[in-house]
Amino acid sequence: MMDCFTKLKELIENVVLADIEDQIDEIFEQVTKDKNNKEKYQEELNDLQEMRAEFNEILNEIASKTLAKDECKELYEEIFEMISTDDEDELVK
């Protein structure tokens, strides 16, 4: 069985960061289409870039073995729940 650190690392790398990158790409597409209103997308872009940095920091903590096991479990559960909720919301649309 995979340990928490491996599962969390894979979840972040394969799902979370991929989703964030997709959202960033979508914003850049919107900016390209709506060049006159770049500013309205800036806050969302900043938030996504901040989230990406935070998840990369978690990956760094996993790699350097400084992330506590209980924190790993808590993060995994929160992220998994967040993703599951987002998936349910997509099904409703």
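## The model and its ground rules

Welcome to a predicted model, in which local features need pLDDT of at least 70, side-chain atom pairs count only at pLDDT 80 or more, and totals for chains, interfaces and linings use all residues. Residues are numbered from 1 along each chain as its sequence is written, and side-chain values use heavy atoms, with hydrogens and water left out.

## Overall layout

The protein chain has 3 helices and 0 strands, in the order α-α-α from the N terminus on. Helices (H or I, at least four residues) and strands (E, at least two) are DSSP runs, numbered from the N terminus.

Of the 93 residues in the protein chain, 24% are buried. Here buried means under 20% relative accessible area, exposed over 50% and partly exposed in between (1.4 Å probe, protein chains only). Contact means heavy atoms within 4.5 Å. Among contacts between residues at least 6 apart in sequence, 72% join residues at least 24 apart.

Helix 1 has 30 residues, which should span 44 Å at 1.5 Å a residue; its end C-alpha atoms are 42 Å apart, which agrees. The expected span is 1.5 Å times one less than the number of residues. At I12, helix 1 bends by about 35°, where the bend is the angle between axes fitted to the seven residues ending there and the seven starting there. Its buried residues include C4, L8, I12, I20 and V31.

Helix 2, with 26 residues, reaches 36 Å from its first C-alpha to its last, close to the 38 Å expected. Among the buried residues of helix 2 are Y41, L45, L48 and F55.

## The nonpolar core

A nonpolar core is a set of buried Ala, Val, Leu, Ile, Met, Phe, Trp, Tyr and Cys residues joined through side-chain atoms within 4.5 Å. The largest one holds 22 residues, of which L8, I12, I20, F55, I58, L67 and I79 touch the most other members. Helix 1 (4-33), helix 2 (38-63) and helix 3 (69-92) each give two or more residues to this core, and the largest share, 10 residues, comes from helix 1.

What does F55 touch, leaving aside its neighbours within four places in sequence? F55 is in contact with I12, V16, L17, I20 and I79. This helix 2 residue is buried, with a relative accessible area of 11%. F55 and E13 are 42 residues apart in sequence, yet their C-alpha atoms are 8.8 Å apart in space.

The structure holds 1 aromatic pair. The rings of Y76 and F80 have centres 6.0 Å apart and planes at 15°, so they are stacked. Rings of Phe, Tyr and Trp (its six-membered ring) pair if their centres lie within 6.5 Å; planes under 30 degrees apart count as stacked, over 60 as edge-to-face and the rest as tilted. Y76 and F80 are 4 residues apart in helix 3, about one helical turn. An α-helix has 3.6 residues a turn, so residues three or four places apart point the same way.

F80 is partly exposed, at 44% relative accessible area. K7 lies over the face of Y76, at 5.3 Å from the ring centre; a charge sits over a ring if NZ of Lys or CZ of Arg is within 6 Å of the ring centre and within 35 degrees of the ring normal.

## Back to K65

K65 sits in the loop between helix 2 and helix 3. K65 has its positive phi although it is not a glycine, and at 74% relative accessibility K65 counts as exposed.
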